Amino acid sequence: MSRPLLTRTFLAASLAAATALATGQVLAEESHLPDEPIRFVTPYPAGGSHSLHAGIITAVGEEFLGRPLISVIRGGGGGAVAAAEVAGSTPNGTMLLFGDPTINSLRPQVEDLPYEMDDFVPVARINYSPAIFVTTPDQPFQSIGELVEHAEENPGEVVYSSDNRNGFTYTVFEMLKATADIEMRGVELGGGGPAVTQLLGGNTMAYAGDPSVVGEHLEAGSLVGLCVTDTERFEAYGDIPTCQEEGYDVVFQFWRGVMAPAGTPDEVIAELSDGFQRLTEDEGFLRLIGQIGSGIQFLGHEEFAEALAAEQAALRDAYLDD
């Protein structure tokens, strides 16, 4: 069964099995949210990990939030276009950003963007995942060590798919280049979907992406896993070593979380956080997330706020410390 058909099958089962309708009706009666749909904005092009996760969240979210969730794909500027739009929206819970560490913690500190970190309030962390360095079976390197050796012998000739400057893939390749002291060239393609397409098409030689994006290609054999940017192996692909196991200290975990515009009332933030928590505990939702090779590591708004502040401070020290 193909992945799209399998996903639709599980989605239908999840919707049929949903038991939270009564809860949703109670939310609608007691809610602090306006009585209108919630626009859930994905800041990258379709086909990447964000859009895959957002599609599942918005398909089943109404049962847990008491409002329809409308998936909005708003690529551009490496996520800055969507972030600026959400930051400037009415802070009442009806427009949310599906954020991440590059958009919400790193880039506003090192680039001149049309929004700032403080323009957002954390609602809930949905999950996180490492990157998996991958290549195609026809490349002259089939392990991360062989990639490094090839780059050493051919400085600047290894061309890899990247997402955006200071994005997820950009960052992990910069970490690898610094750790291994090698030269490689990245082609910024705006998101995971286009990046994988260029790799599979033979226009680039490597990529480092989310398991939900590269997983089906690993399973099909059209991509080869080199190493994982985590402190332990990724459960679904346990035969792929960590980068640390291979001798390269590259660790980066990419979270996905719900962000609201600054000024959103506390009671709205709490209501949304509770709704997303119920969503991430639903068995049907968890099955769907599992089908794209992902999982859930939920944090409510208070815990997420603490984790986000610590991350932002650490990145500020790493990038801006003189």
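Tutor: Please do. This is a predicted model, and the structure holds 1 disulfide.

Student: What makes C227 and C243 a disulfide?

Tutor: A disulfide requires two cysteine sulfur atoms within 2.5 Å. The sulfur atoms of C227 and C243 are 2.3 Å apart, so the pair qualifies. The link is right-handed, with 75 degrees about the S-S bond.

Student: Which parts does the pair tie together?

Tutor: C227 belongs to strand β9 (residues 224-228), whereas C243 is in the loop between β9 and β10; the pair therefore ties together parts that are 16 residues apart in sequence.

Student: Why is C227 called buried?

Tutor: The term applies under 20% relative accessible area. C227 has 1%, so it is buried. C243, with 0%, is therefore buried by that criterion too.

Student: Why is G238 called partly exposed?

Tutor: Partly exposed lies between the 20% limit for buried and the 50% limit for exposed. The relative accessible area of G238 is 39%, so the residue is partly exposed. G238 lies in the loop between β9 and β10. From P34 it is 204 residues away in sequence and 45 Å away in space, C-alpha to C-alpha.

Student: How do you know that β4 pairs with β10?

Tutor: Pairing needs at least two bridges between the strands. There are 9 bridges between β4 and strand β10 (residues 253-261), so the two pair, and they run antiparallel. Within this arrangement, V121 stands opposite A260 in β10.

Student: What is the order of the strands in the open sheet?

Tutor: The open sheet has 5 strands in the order β2-β1-β3-β10-β4, and its pairing is mixed. The edge strands are β2 (69-73) and β4 (120-130), as each pairs on one side only. On average, neighbouring strands of this sheet are turned by 25 degrees against each other, direction ignored.

Student: Which helix packs on the sheet, and which strands does it touch?

Tutor: Helix α3 (residues 49-60) packs there, touching β1 (38-42), β2, β3 (95-99), β4 and β10. The direction of α3 makes about 160 degrees with that of β1. Helix α11 (residues 266-281) lies across β1, β2, β3, β4 and β10, and runs at about 20 degrees to β4.

Student: What is the average pLDDT of the chain?

Tutor: The chain averages 88, and 90% of the residues score at least 70. Over residues 1-28, however, the pLDDT is below 50. Beyond near neighbours in sequence, that stretch has 37 contacts in the model.

Terms used:
Residues numbered from 1 in each chain as written. Predicted model: local features only at pLDDT ≥ 70, side-chain atom pairs only at ≥ 80, totals over all residues. Heavy atoms only, no water. Helix = DSSP H or I, 4+ residues; strand = E, 2+ residues; numbered from the N terminus. Axes fitted to C-alpha atoms, helices over the stretch in contact; angles between N-to-C directions. Contact = heavy atoms within 4.5 Å. pLDDT = per-residue confidence, 0-100. Buried < 20%, exposed > 50% of the residue type's maximum accessible area, 1.4 Å probe, protein only.
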